[in-house]
Amino acid sequence: MEATIEVSGLRKRFGGTTALDGMTFSVLPGQVTGFVGPNGAGKSTTMRVVLGLDAPDEGRALVGGRPYRSLRRPLSHVGALLDAAALQPSRTARNHLLWLAHSQGLGARRVDEVLEQVGLATAARRRAGGYSLGMRQRLGIAAALLGDPPVLMLDEPFNGLDPEGIVWIRGFLRSLAAEGRAVLVSSHLMSELQDTAGHLVVVGRGRVVADVGVDELITSASRDRVTLRTGARSAAMSALARAGATVAAGERDALVVSGLPAGEIVRLLGAESVPFSEVSAHRATLEEAYLDLTRDAVEFRGAAR
Amino acid sequence: MTRLLRAEWTKLRTVRGWVAGLVASSLLIVGLGLLFATASNSSCSQGPIEVPCPWPTLGPNGVAVDDRFYFVSQELNGNGFITARVTSMSGQIRLPDETPGVRNVVSGVVPWAKAGVMVKESAEPGAAYAAVMVTGAHGVRMQHDFTEDVAGGPEGASAGAPRWLRLTRAADTIIGEESRDGRTWTRIGTARLEGLPAKVRIGLFAASPGDVRVTRNPLGGSAAASRFTEVTAVMDQVGVRGVAPGGTWRRDDIGADVNPDGNVHHPGTHIRHGGTFAVTGTGDIAPNTHEGTIERALTGTLVALIVVIVVAVLFVTAEYRRGLIRTTLLASPRRGRVLVAKAAVVGAATFVAGLAATAVTIPVARGILRGNGIFTLPVSTLTEVRVIAGVAALLAVAAVLALALGALFRRSSMAVIVAILALVVPYVLATASILPDEASRWLLRLTPAAGFAIQQSIPEYAQVISHYAPASGYYPLPPWGGFAVLCAYAALALGLAVQRLNRRDA
């Protein structure tokens with residue numbers, strides 16, 4: 001597999017606070033990787049270390065197998081959006097991209113291409129100071145795309161966007177990943193990454209709490225629970241208990257069954273001739289799965305102290 | 001590096017305020033220079049009648065000169081020599097009158113009063129010459145063509161210890177010698193007077209420059225005043241070889257002003273008893289240091305400098321303020337190079353803006369001043385180029401210094417204040433006649449304002465007493481020396497800024 005971002009054993013302290021505490025993960029190409037954790041978990045610091053802006057006390061971060069600061073045309077290796085507000089207000093959007101392009105040996109044509117790509121072509125000659133937050137995010141993404149990099153790192157790109165902007169960015173990120181790029185997107189809200197991220201690196205207090213695929217995470221959070229609606233609750237309960245499932249009574253005519261997959265439950269009830277009106281496998285939301293994970297992390301840390 | 005330079009140049013040119021600032025600095029230099037020139041006027045009168053002001057004399061190498069002395073000479077055709085023994089020098093100095101209407105004259109010889117023997121192309125002021133002389137306090141000297149001065153023996157002349165002087169002409173070469181006894185001669189120096197004609201004047205001369213006194217004013221600065229003096233030298237054993245037999249001595253008040261009544265103002269005299277001459281003269285034979293210089297038209301430099309400082313500081317602090325510095329470092333992770341490229345770009349842009357301004361201002365102001373009857377001391381092309389390019393370079397290096405301070409402090413206000421304290425304030429204090437001269441000189445040696453020395457077009461002459469203070473445009477360090485001090489400060493600040501940028505998280 002092509003090397004993209006590799007972070008291993010990063011530690012960093014700012015004065016008395018530990019920002020990074022052994023942060024380790026890597027990012028794969030061809031999918032959007034969500035970099036999730038509460039505010040202060042070390043997401044931004046990690047990104048800044050990867051991009052050579054901050055120096056770690058320990059550990060290393062590589063981009064394409066090399067430290068960022070050794071890259072000669074870095075924007076053709078990694079495109080990054082850290083702070084969409086980092087603009088000289090009196091400079092036009094196009095000129096902002098133009099100096100960046102010149103720093104990479106690229107020309108004005110590439111600038112016009114990325115402006116077109118993010119939908120800013122018509123506003124390109126306006127001063128960046130007059131841009132809305134959404135336009136700034138688009139401009140930041142255009143800057144990240146300038147060097148056509150295989151790796152993209154976006155820090156909280158959804159911040160301050162209106163719903164339309166969020167939909168646009170999600171689609172855009174998915175299409176970038178579909179082109180085979182590695183896309184790392186940080187967010188403190190798991191819901192923002194729903195339907196976008198294929199993989200998650202969940203962090204808390206400077207270290208990785210979980211490094212899992214989204215499907216796997218949701219499946220584990222769902223814990224095979226199946227909701228069953230039936231008029232014959234006691235018959236169903238005894239039949240399922242005999243098969244080894246744990247059954248709990250829910251409200252009115254509902255039973256919550258765990259320990260058996262939904263298909264097996266349907267087969268059993270059919271064989272025993274127990275009538276039922278609905279069998280539904282419970283599927284946790286990403287948010288729930290995330291809360292489960294971070295709750296565990298907090299408990300773990302509490303015990304370790 | 002090329003990519004970086006291009007990127008930084010794109011950054012600079014795409015912020016309208018910065019470009020406007022640099023253009024404004026350029027226009028300030030031109031505007032204030034031309035304003036100064038058009039507002040200056042000079043008129044002279046002869047009695048009640050206004051006349052064109054006399055134009056200063058130019059010497060053989062184009063330098064403006066004072067050529068005022070008393071000359072007792074014969075015509076020399078071809079080679080020859082002159083010998084004379086100086087047995088005494090005495091003189092008088094006219095001090096300010098204590099009782100109105102009563103001249104307050106004291107006896108005394110000023111240090112650069114001079115008398116001796118001279119070969120001069122003609123009696124015209126400014127004509128080429130070479131001379132050997134005894135001076136009031138600087139011993140025996142050989143001087144030629146106004147700017148050149150070579151020391152001989154350190155003692156002056158008196159009846160007990162007279163000084164023999166000899167000047168030998170061979171084609172365009174003049175050899176100057178001195179002796180204590182008229183038998184053993186020591187060579188002081190040799191002068192080549194290019195294109196000296198066969199017929200020249202050879203003889204005895206005396207001159208005594210004004211008595212320059214510098215007084216401290218109550219504010220702490222100083223002012224200079226010059227008083228009339230004259231010197232009388234007694235010379236005997238005068239021998240001239242190469243002149244026509246029985247040739248006559250001609251007396252000339254070279255370069256003297258003529259009063260409205262047709263008489264020479266402060267004429268010289270000579271009294272002759274056999275072979276003994278007592279020659280009395282006033283004036284000086286020396287480079288002119290009291291007319292205006294080319295750099296006085298660059299009064300706008302100081303204001304332009306402040307504008308340049310602000311632009312250069314903002315060029316880097318704006319990036320810190322907006323967090324744009326991170327974008328810059330993402331694009332160019334080799335941080336030292338980023339700052340160097342920034343410095344090069346802001347320096348080069350400032351240099352071009354400054355050069356356009358100085359290259360226009362100096363010649364145009366000189367032309368306007370000439371039209372208004374005001375003379376500007378001529379300098380060699382090389383010196384003029386040095387002043388024009390030097391002031392532009394001064395602004396450019398100041399921009400680099402300001403940029404480095406901006407990168408160090410990361411705050412515009414702080415960096416601008418420090419840059420102004422380092423460059424503008426010492427210059428103003430040193431040149432505004434409010435500090436004692438010596439304090440002013442130290443300011444212009446130790447602070448980055450030393451760089452202003454690059455604009456001094458007229459050097460100090462050891463053989464001319466004048467008020468060589470920063471307030472009169474004379475810097476304590478030589479032009480390139482002072483400029484080097486500024487460059488050293490800029491390099492140091494840039495080095496520290498690079499170090500800080502490399503060490504700290506961005």
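Which residues touch the most other members of the largest nonpolar core? Keep that question in mind while you set up your view. What you have open is a predicted model, with an ipTM of 0.79 and a pTM of 0.85.

**Stop 1: chain B as a whole**

Select chain B and color it by confidence. The mean pLDDT is 90 here, and 99% of the residues in chain B reach 70 or more. Switch to a cartoon and you can look through nine helices and 21 strands. Along the principal axes, the C-alpha atoms of chain B fill a box of roughly 95 × 50 × 40 Å. Of its 506 residues, 48% are buried.

**Stop 2: the cores**

Now for the opening question. Select Val313(B), Leu403(B) and Ala404(B): in the largest nonpolar core, which has 168 residues, these three touch the most other members. Next, highlight helix H6 of chain B, residues 381-409, which supplies the largest share of this core with 20 residues.

Center on Val313(B) and show what surrounds this residue. Beyond its neighbours within four places in sequence, Val313(B) is in contact with Ala402(B), Leu403(B), Leu405(B), Gly406(B), Ser412(B), Ala415(B), Val416(B) and Ala419(B).

There is also a second, separate core, made of 57 residues. To find this one, select Val86(B), Met89(B), Val117(B) and Ala157(B), which are among its members.

**Stop 3: where the chains meet**

Bring chain A back into view. The contact between the chains takes 27 residues from chain A and 23 residues from chain B. Pick helix H2 of chain A, residues 93-103: with six residues, H2(A) gives the most to the side of chain A that touches chain B. Color that side by class and you will find 15 nonpolar, eight polar and four charged residues.

**Stop 4: a four-stranded sheet in chain A**

Finally, look for an open, antiparallel sheet in chain A, with its strands in the order S11-S12-S10-S13. Strand S11 (246-249) and strand S13 (278-281) are the edges, each pairing on one side only. On average, neighbouring strands are turned by 20° against each other, direction ignored. Helix H8 of chain A (residues 262-271) packs on the sheet and touches S10 (226-229), S12 and S13. The direction of H8(A) makes about 160° with that of S13(A).

Zoom in on S11(A) and S12(A), residues 254-258: four bridges join this antiparallel pair.

Methods: Residues numbered from 1 in each chain as written. Chains lettered and ligands numbered in written order. Predicted model: local features only at pLDDT ≥ 70, side-chain atom pairs only at ≥ 80, totals over all residues. pLDDT = per-residue confidence, 0-100. Pairing = 2+ DSSP bridges. Helix = DSSP H or I, 4+ residues; strand = E, 2+ residues; numbered from the N terminus. Axes fitted to C-alpha atoms, helices over the stretch in contact; angles between N-to-C directions. Contact = placed C-beta atoms within 7 Å. Nonpolar A, V, L, I, M, F, W, Y, C, P; charged D, E, K, R; others polar. Core = buried A, V, L, I, M, F, W, Y, C linked by C-beta atoms within 7 Å. Buried ≥ 20, exposed ≤ 12 C-beta atoms within 10 Å, placed from the backbone.
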